[in-house]
Amino acid sequence: MLSLRSTWVLLLIVMLLQPLSTGLMACATRVLAGLGWQTNHLLAHLLPASSDVFWSAVVSGLFPGMIVAGILGVLVLTREFSGATIESTLTANPRRGMVLMAKGLALALSTWLAAQVGLLLSWILAALLLPGRLGTLPAYKPGLALLDLLGGPLILVLFALMGLGLGALSRSRAGGVGLFLGLTLILPLILGLLGGLVPHVGWLQAPFRLTPTSLLVTFLSGLNRAAETGIRWCPTWWQAGLILMVWTALSCALGTLVFRRADIG
Amino acid sequence: MIGIDSLTKRFGSRKVLNRVSFTARDGRVTGFVGPKGAGKSTTLRIALGLVRPDAGKALFDGQPFVRLSSPMRTAGAVLNPPNAHPACKARDHLLALAAISGIDHGRVDQVLEMVGLQSVADRPTGSLSLGMSQRLALAAALLGDPHNLVLDDPLHGLDPGGAERVRDIWRGLASQGRAVLLSSRKINEVAQIADDLVIIAKGRILERTTVARFIGEHSHDSIYAVTPQPDQLKAALATAAGISITRLPPDESCPPDAARFRIQGAPLASTASILAQEGVVLYDFQPEEVSLEQAYKDIIRGRRDARS
């Protein structure tokens, strides 16, 4: 897996997307604050940047990073099917569960490393571009800094593994990427649109909040009490993390089941 | 030893293997021959755990492939090359496979030298010719110094020099007491290297024999005749001693009103005289050296006709 250039390229993208996104967001924040200063309407909550804004900028790259990590996860297995490499792999080790687990382990470690380095770069960049970040954190978001800095990369690992599971399920690049994007982008988009446009379907907010992308937002926002959101039910950050783990476990379990039984070639 | 026992497999409603059984013995090269779609590759893929059989089993030294503790040391396989990622260098591909099985990295250079690929070891596999990819696949199969080799159409794409090189490798391995099972569509290709022969068509084993016996049974000189008067031809030659006349199945070159015959044990000139005297009309009359390929085709066609 790591001997391929495409793997390194995708890992590099996962890493560099984060400071890039942080830089853009920090610049946008400074521009907005500057406009407010000129019009005597200083956006006090922007500069000096509140911790909320600061940490939003730091983790903003995790959202595009999630997509790239998922696609990397899909490709780790499915690119072997597009050639006949899978035959070499499985004749070298016919225990398919073990093959998938080994790939998952390598994928998890490499994704975590790229995401962690990227997030630390984002943090440094945000500290340089957004001074005054040490504003007091809201009471319902204790430990947001640690949660984002250490939890963010781990959540990206979950998305990468979800991609691996969906790749094993479909055993095709297009199918795997389609499933992953459907789950992370299209499903929340449809649920969100329906919830917003159709009257009397407020209950759709619950499944919307259980979609992987929405769970990522909840996790990174560090929400500790549902009541603060004003919504009937909303998972807390740790519940969101657990539900994301269930999504990943489900994808991996289904993928393993199908991959172990599939005819190759 | 590779044991294939009553393998049966359906893909949807199509039965591709029907109780296929044979053994590739230690110390021998076994040729597994059949036309395209006969079930050769499916049999080998089932043996290697890539395809699940509906019934039957395949064993390497008494064990299913998927349960072997060190698969690459027990069985090496060449399947459908190129089977390395095109961006991956040839040496890196072998190093990755060696790492999977805990094989010493020094072995990679040994197998590259065996198949003559040292000079292209650092090239991406996507830039290798089909023949080189075949040799790289063989190098991968040899990594674990396996006791059994499974080769699916391994000479496809090889130039004569490359083919001779890999044949020497297989002969050497068989002479060391290993089992070599190779599939091919071309019986002549197999006859040059194999000791034993298994012929398959439409998912059924048609013949299990040795190459020597097959050649003995099917290689002989004869006369090929096509006539619209089959009864007159048989009657004209009926009194001649030691002659055998075999009616061949019709083929596309045979006119619809005619029949094809193989006449064995008769000199060409005297047979022609007899048929001329008897006024037998002939569309075709020529000496024929029955090739292995022809005998193989006749076997496949004959069994197919017998079933239909």
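Student: How is Arg171(B) classed by its relative accessibility, buried, partly exposed or exposed?

Tutor: Buried means under 20% relative accessible area, exposed over 50%, and partly exposed in between, with a 1.4 Å probe and protein chains only. Arg171(B), at 34% relative accessibility, is partly exposed. This is a predicted model, in which local features need pLDDT of at least 70 and side-chain atom pairs count only at pLDDT 80 or more, while totals for chains, interfaces and linings use all residues. Residues are numbered from 1 along each chain as its sequence is written, chains are lettered from A and ligands numbered from 1 in the order in which they are written, and side-chain values use heavy atoms, with hydrogens and water left out.

Student: Which side chains meet that of Arg171(B) in a salt bridge?

Tutor: Side chains of opposite charge can pair when their charged atoms come close. A salt bridge is a side-chain nitrogen of Lys or Arg within 4 Å of a carboxyl oxygen of Asp or Glu. Arg171(B) meets Glu164(B) at 3.7 Å, N to O, and Asp168(B) at 3.0 Å, N to O. Glu164(B) is partly exposed at 34%, as is Asp168(B) at 43%. Salt bridges that share partners join Glu164(B), Arg167(B), Asp168(B) and Arg171(B) into one network.

Student: Where do Asp168(B) and Arg171(B) lie?

Tutor: Helices (H or I, at least four residues) and strands (E, at least two) are DSSP runs, numbered from the N terminus. Both residues lie in helix H6 (residues 160-175) of chain B, 3 residues apart, about one turn of the helix.

Student: Which parts of chain B does the salt bridge of Arg107(B) and Asp145(B) tie together?

Tutor: The two side chains meet at 3.9 Å, N to O. Arg107(B) lies in helix H4 (residues 106-114) and Asp145(B) in the loop between helix H5 (130-142) and E6, so the pair ties together parts of chain B that are 38 residues apart in sequence. Arg107(B) is buried, with a relative accessible area of 15%, whereas Asp145(B) is partly exposed at 42%.

Student: What is the strand order of the open sheet in chain B?

Tutor: Two strands pair if DSSP finds at least two bridges between them. The open sheet has 6 strands in the order E5-E6-E7-E3-E8-E9, with mixed pairing. Its edge strands are E5 (75-78) and E9 (204-210), each pairing on one side only. Within chain B, strand E6 (residues 148-152) and strand E7 (residues 179-184) run parallel and are joined by 5 bridges. Leu151(B) stands opposite Leu182(B) in E7(B).

Student: Which residues of chain B have a positive phi although they are not glycine?

Tutor: Most residues other than glycine have a negative phi. Among the residues with a positive value are Ser6(B), with phi near 55°, and Arg19(B), with phi of about 50°. Ser6(B) is in strand E1 (residues 2-11) of chain B and is buried, with a relative accessible area of 18%. Arg19(B) lies in strand E2 (residues 14-24) of chain B and is exposed, with a relative accessible area of 58%.

Student: How far apart in space are Leu158(A) and Leu244(A)?

Tutor: A distance in space can be read beside the separation in sequence. Leu158(A) and Leu244(A) are 7.3 Å apart, C-alpha to C-alpha, and 86 residues apart in sequence. Leu158(A) lies in helix H6 (residues 144-170) of chain A and is buried, with a relative accessible area of 14%.
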